[in-house]
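Open the model in a viewer and keep the selection panel at hand. The tour goes through helix packing and then through pockets.

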Amino acid sequence: MITDSRRMRIFNPRSWSLAIKISLTITTVVTAVGFMIGAVIVEQDWKNLKDELGEKAILLSESVAITASKAMLRKDYWSLYLSLKNMVARPGTKAGHEVITAMILDSEGKVQAHLNSANNPVGLLYSPKNLLDKNLFEQAMAARSSVVLNNGTFSKTGFQEGIVPLFSDQKYLGVVRVRLSVARLYEKANNTAFIVLTTIFCFVIIGSIMGTVISRRMVKPLTAVTRGLEAVGRGEMTDFSPVPVKELDEIGRLSVTFNKIMAELAEKKMLEEEVAMSEKLIALGRITAGVAHEVNNPLAGLLNCIDTLRKNPDDKQLIDRYLPVIDQGLHRIKEIVNNLLVGLKSDDIGETVCIKQIDKLRDLIVAEIGDKDIDIVWENHADCDLYIPGMIEQIACNLLKNAVEILPDGGTINFRMYQDDPYLIIEVSDNGPGIPSNIKNQLFDPFFTTKTNGTGLGLWIVYRQIQSMGGIIEVISEEGQGTTFYVAVPVITMRAV
Amino acid sequence: MRLIYLIILFWTTPVYADNAKPPLRFGLTAVVLTENLRLLDQWSQYLEDKLGRKVHFVQRKSYREVMDLLDSGSVEFAWICGFPYIQTREPESLKLLTVPVYRRAPRYHSYIIVHHNSPFQRFRDLKGRTFAFSDPDSNSGFLYPLVLITERRESPETFFRLSFFTFNHAETVQAVSEGVADGGAVDSYIWEYLAIHRPEITKKTRIIKKSPSFGFPPIVSRTGVDTDIVKQMKVVLEDMKNDTPGKAILAQLMLDGFGDYPDSLFNEIRAMANTIQRASPKYPHTSD
């Protein structure tokens, strides 16, 4: 049972295999060329045979005409008849033709001799048997030089008639007509045509088989290359088996190159996997070290306080002084742990909020600026009805806070938000000192900070959140020129109903 | 020594004489079947053996040509037709030698033949038709049908639509059998010969009239030929029926033999010729 899609493939030449197309093309070309040549040969053969027959008819008429003039003047009907019969219908000759009829007519069209005298009495006007015969009779009587007439049909009933007028002392005496049948030639021509067509048919079959073999051999490596590329598309590069190379033609070279590319890709993929693994390990190590370092710092102070308090359990003054320190230290640890959790759990997109919520950030940032002399330029071109993940608000807040912290007096913050379907774009730029190029690569690493009191988790969290939404973040910064963060997050699919 | 000379002389003389004598020439026409060359070779060989000198058969298409050979002395003997034989010649240039015997008599007929499928039953049915004569100097092939026409007070030109000569009895039969002529006049001896040797053409013909019997075409000698030779030839021909090789040749010729008959054997032909001559003086005189 053939499925519909398979049937469609069979009837749609565009989806046919190259091997089939090439072999069909070769077969078609061989067939077309073969039959064209065959047709030309057969046509030429037939024309030659017909011309030869016409010449024969003229020759026979002329041989009769040699003696006919004198015999006609003598009214020697018997000699006329004998010359006609002996020249034209010699028994036992295999002239390759068949005489349909032969006659000698006088200038008035009276029969002087006729091969079939019984039906064409000597001395009487020749009476044509049909319209064609009448037409030919008139042409023959009008002829004043040798001419070949025919009925123009390619069949067993076709004929060639040699007409030779008779003259004596420039006086027109009559005409010799010899009509030869093409029946035997027709058979000959048919035999030739049969042989030619059979030969061509054999060639076509051989050509088709060769075409199929050649095209299969040609296409085989291409099929292997295609399969290999399909595997690349699926990302399965490691279990690829090389395309066998037999020839060193274009396809062979393609196969060799493909094999090389595949081998290199597989190696690259392995290397990438190794690099990814080691990067993971490095990140893990960095996180672990960061956690250890950040948690360890307050822990040392806390342990000191606890130790001092244990030694002086009744010193109320000491308790009043140390408890806020312990509290502060523990909060610091809690903050670090919370931030880590936010960063690591960022796969959860969380609630969505109306995009208008973003504009409220402006007041928060103004408060954050406090007494500092910083201008803020706010542009929101996004669709007011758009609902966005709540994370985006946090991302924008983090970036804006960073800018406030880094800017000296007299700086300017530009906030721009707009849509470029399917993305929501957020640009936060400042004209601060910029990021030194040597630390650009570490910008989004956890626990990396240039601030004295920072945790180094802000940008790491931003990065993780954007990644979890399938978005991208880019930083353009030059020392002394300022910094711009570009954030693009796909949000259109999240439009609230 | 003389004896040796004599022996050489007598031994060589006949050979020398044999070669020195000019060959006897025998004129032939279509009366006999000139196509059968082997038969003529056998016959000439037979005559050479009997006569002791060369005999050449000289073949001609028409009686007229054979008669010209006789007149010019180009042949010594000839087998001619009764019609030219009885015609007047001044001076007479030939002499009756012997007459073939056919079916026990020195006589034959003229057959008027038509195509076997034709509707013609009588000679008069052929009026306005085409007709094949054998030879203008033939009794059976021309004189007899001419008499039939003359008796109707007509001429070949008025009686037939068209007529022609084939100069050969066998070809007259062929002309009729192939429909070239509606009717034809032919020697009964030739027709019967063809009925055995070429039945396919005689079968296509039908005899609608058989003439009274006439003297068989005779063999004549030219006047002026050595009478001894003439006699020898006559004896040899008339003796053919008496020896085996001669009989074999006669059998092939379908003849019983040759016989000595008087000139009166040809009186019927003479009478017909006179009839014609009276009706139309353009025809030759007969020798009464």
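A crossing of two helices is called left-handed if the near helix is turned anticlockwise from the far one by less than a right angle, and right-handed if clockwise. The model on screen is predicted.

**Stop 1: two helices of chain A**

Select residues 183–234 of chain A, which are helix 5, and then 250–311 of chain A, which are helix 6. The crossing of helix 5 of chain A and helix 6 of chain A is left-handed. Their axes lie 10 Å apart, and the packing angle is about 20 degrees. Angles under 35 degrees count as roughly parallel, so helix 5 of chain A is roughly parallel to helix 6 of chain A.

Now show side chains at the contact. On helix 5 of chain A, pick Met218(A), Pro221(A), Leu222(A), Ala224(A), Val225(A), Gly228(A), Leu229(A) and Val232(A). Helix 6 of chain A meets them with Ile251(A), Leu254(A), Ser255(A), Phe258(A), Met262(A) and Leu265(A). By class, this contact has twelve nonpolar, two polar and no charged residues.

**Stop 2: the second largest pocket**

Keep helix 6 of chain A selected. With seven residues, helix 6 of chain A gives the largest share of the lining of the second largest pocket; helix 11 of chain A also supplies at least two. The volume of this pocket is about 530 Å³. Of its 16 lining residues, select Ala283(A), Asp445(A), Pro446(A), Trp460(A) and Tyr463(A), the closest to the centre. The lining divides into nine nonpolar, two polar and five charged residues.

**Stop 3: the largest pocket**

Which residues lie nearest the centre of the largest pocket? They are Asn402(A), Glu405(A), Lys451(A), Gly458(A) and Leu459(A), from a lining of 38 residues. The volume here is about 980 Å³. To see the elements around it, select helix 7 (316–344), helix 10 (390–406), strand 10 (423–430), helix 11 (458–468) and strand 12 (482–490) of chain A, each of which supplies at least two lining residues. Helix 10 of chain A gives the most, with eight. The lining has 16 nonpolar, 15 polar and seven charged residues.

**Stop 4: two helices of chain B**

Move to chain B and select helix 2 (residues 37–51) and helix 10 (residues 227–238). Their axes come within 10 Å and cross at roughly 120 degrees, which makes helix 2 of chain B oblique to helix 10 of chain B. This crossing is right-handed. Show Trp43(B), Tyr46(B), Leu47(B), Lys50(B) and Leu51(B) in helix 2 of chain B against Gln232(B), Met233(B), Val236(B) and Leu237(B) in helix 10 of chain B. The contact comprises seven nonpolar, one polar and one charged residues.

Methods: Residues are numbered from 1 along each chain as its sequence is written. Chains are lettered from A and ligands numbered from 1 in the order in which they are written. This is a predicted model: local features need pLDDT of at least 70, side-chain atom pairs count only at pLDDT 80 or more; totals for chains, interfaces and linings use all residues. Side-chain values use heavy atoms; hydrogens and water are left out. On a 1 Å grid over the protein atoms alone, a cavity is a set of points where a 1.4 Å probe fits but cannot get out, and a pocket is an open set with protein on both sides within 12 Å along at least five of seven lines; lining residues have an atom within 4 Å of a point. Grid points are joined across faces, edges and corners, and a volume is the space filled by probe spheres set on the points. Helices (H or I, at least four residues) and strands (E, at least two) are DSSP runs, numbered from the N terminus. Ala, Val, Leu, Ile, Met, Phe, Trp, Tyr, Cys and Pro count as nonpolar, Asp, Glu, Lys and Arg as charged, and the others, Gly among them, as polar. Axes are lines fitted to C-alpha atoms, for helices over the stretch in contact, and angles run from 0 to 180 degrees between N-to-C directions. Angles under 35 degrees count as roughly parallel, over 145 as roughly antiparallel, 65 to 115 as roughly perpendicular and the rest as oblique. Contact means heavy atoms within 4.5 Å.
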